[in-house]
Amino acid sequence: MRFDQYIPHPPSAVWRALTDPGLLALWWASGDVRPEVGHRFTLDVGAWGVQPCEVTAVEPERLLEYHFAEGVLDTVITWSLEAEDEGTRLHLSHSGFDLDSLQGRLAYSGMGNGWPHVLNGVERALDAVSARS
């Protein structure tokens, strides 16, 4: 599945929203993410539990990719950032769902409905942080 969202903040700010644990917790999940290939971390996604992840690709302010829910869903989340006008176009790809399993189909459906709401939270979190500065 693929989504994108225009965020009226520069790529450097959106990158921080993806890679700073404090900011990430404001709009999606708490966890010890770091933009370093090979870094293993967890994301606490609330009702769906704590999910193990591993960073697989990093291009600062352009691309962050990680395996998500290793041993459970075994999917891949890819965030890519593109400067657009005065802000950033944030692209999200979430792939690798096992649509032959009930769990995979349920996750695909649930996340397909949920990701647009999650993406809207990036702008709100960055606005809140900007307002405090």
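This is a short exchange about one predicted model and the terms used to describe it.

Modeller: The model is predicted, local features need pLDDT of at least 70, side-chain atom pairs count only at pLDDT 80 or more, and totals for chains, interfaces and linings use all residues. Residues are numbered from 1 along each chain as its sequence is written, and side-chain values use heavy atoms, with hydrogens and water left out.

Biologist: What makes up the chain in terms of helices and strands?

Modeller: The chain has three helices and seven strands; helices are DSSP runs of H or I with at least four residues, and strands are runs of E with at least two, numbered from the N terminus. Their order from the N terminus is β-α-α-β-β-β-β-β-β-α.

Biologist: How do you know whether the radius of gyration of the chain agrees with that of a compact globule?

Modeller: The radius is taken over C-alpha atoms, and the globule rule is 2.2 Å times the number of residues to the power 0.38. For 133 residues a compact globule would have a radius near 14 Å; the chain has 14 Å, so the two agree.

Biologist: Why is Ala-69 called buried?

Modeller: Buried means under 20% relative accessible area, exposed over 50%, and partly exposed in between, with a 1.4 Å probe and protein chains only. Ala-69 has 0%, and is therefore buried. Ala-69 lies in the loop between strand 5 and strand 6 (75–84).

Biologist: Why is Glu-61 called partly exposed?

Modeller: Glu-61 has a relative accessible area of 36%, and is therefore partly exposed. Glu-61 sits in the loop between strand 4 (50–59) and strand 5 (63–68).
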